[in-house]
Structures are given as structure tokens and as C-alpha cells.
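Okay, thanks for coming, everyone.

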Amino acid sequence: MISRTQLAKMMDHSLLKAYASPLDFEKCCSDAIKNGFMMVAVNSCQVKQCKRLLGDSPVRVGAAIGFPSGQSPINVKVFETLIAILDGADEIDYVLNITELKAGNLAYVKDEMEQIISLCHQYKVTSKVIFENCYLTKEEIKAAAQIASEVQPDYVKTSTGFG
């Protein structure tokens, strides 16, 4: 039997709405501390604010990169990742470029993943790649998983929760 505390430490608390207010982020961080969640997941521009709000609590800050569609160019995603890390992100959740995967451009998908995951490893930040499986065929999921097995992100996620 798992305790409530153990379960909470396995949960991310997300606030990724485009219309969230500063007060919403205060509540999100306060709730995460109160409930003992592992992480708050926010868009990269709110990382610094949430890092400050969480203070010295054990709750981590995760930045959503290329969220929610993954359709930014590689250099934009890499830059967004770097800024989020420098602003205090402990984890990076990036959305794989679905269009390039669907086009069969596996070299692009691998290059994107290698650059972002390499940056995370360099800064010792947890890396997560999001496939958004609801838009993918079984063959595309298999191709993305093969690339991930080679590149070695810390985690693979199946959905942003928006798809």
C-alpha cells in the first residue's frame, strides 16, 4: 500500500493555461508545497517566478518547451531550454516536432532530441520528451521510441494532456 505522501511525490502539478494570472501561479506553488508534489510544470516564462515562490521547498520546477504543439524550430527550442535552465528549471518537458516525425524526417527528430537532451545532461537537469501519441500512428510511435532509446532522455511522456 502506498501512502498519500508517497503518491504526492510522484505527481507533477501543472499550470500551463495561456490565461493564468500571477495569483494562479502563487496558488499553484502553494498547493504543490502543501500537498508535497514533486514538481510544478509551467511554461518557460514562468520558471523564474515559480522558483522564487517555491523558495527552499523540495518542490521542483519543470519548464514546458515548445508547448503544446512542438512546432518551433530546433534552435528556438534549444534557446528556450537554455533560458529555462538558467532561470532555475529543474526539469525540461519538451514536445517533439510531430510534423517532422509524420513527414518521416527522422534525422530532424533525432537532431532536435539530441540537442535538447544534451543541454539538459550538461546542466544536470531532468529531461522528458513528449510524443503526443494521440496524433501518431503505431509506426511513428515506434520510430520516436527508437530515437529516444538511442538519445536517452530521462523520461518519455505520451501526452501533453492538451491533445
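**Helices and sheet**

Start with helix H2, residues 22–35, and helix H3, residues 47–54: they pack at an angle of about 45°, their axes 9 Å apart. Helices here are DSSP runs of H or I with at least four residues, strands are E runs of at least two, and both are numbered from the N terminus. Axes are lines fitted to C-alpha atoms, for helices over the stretch in contact, with angles from 0 to 180 degrees between N-to-C directions.

This is a predicted model, so local features need pLDDT of at least 70 and side-chain atom pairs 80 or more, while totals for chains, interfaces and linings use all residues. Numbering starts from 1 along each chain as its sequence is written, and side-chain values use heavy atoms, without hydrogens or water.

Who makes the contact (heavy atoms within 4.5 Å)? From H2 you've got Pro 22, Phe 25, Glu 26, Cys 29 and Ile 33, and from H3, Gln 49, Cys 50, Leu 53 and Leu 54.

Now the sheet. Six strands form an open sheet, ordered S1-S2-S3-S4-S5-S6, with parallel pairing; to pair, two strands need at least two DSSP bridges between them. At the edges are S1 (12–15) and S6 (155–157), each pairing on one side only. The twist averages 25° from one strand to the next.

Zoom in on S4 (residues 91–95) and S5 (residues 126–130): five bridges join them, and Glu 91 has Thr 126 of S5 as its bridge partner.

Finally, H2 again: this helix lies across S1 and S2 (39–43), at about 175° to S1. Helix H4 (residues 74–86) packs on the sheet too, touching S3 (60–65) and S4, with its direction at about 165° to that of S3.

How values were computed
Contact means heavy atoms within 4.5 Å.
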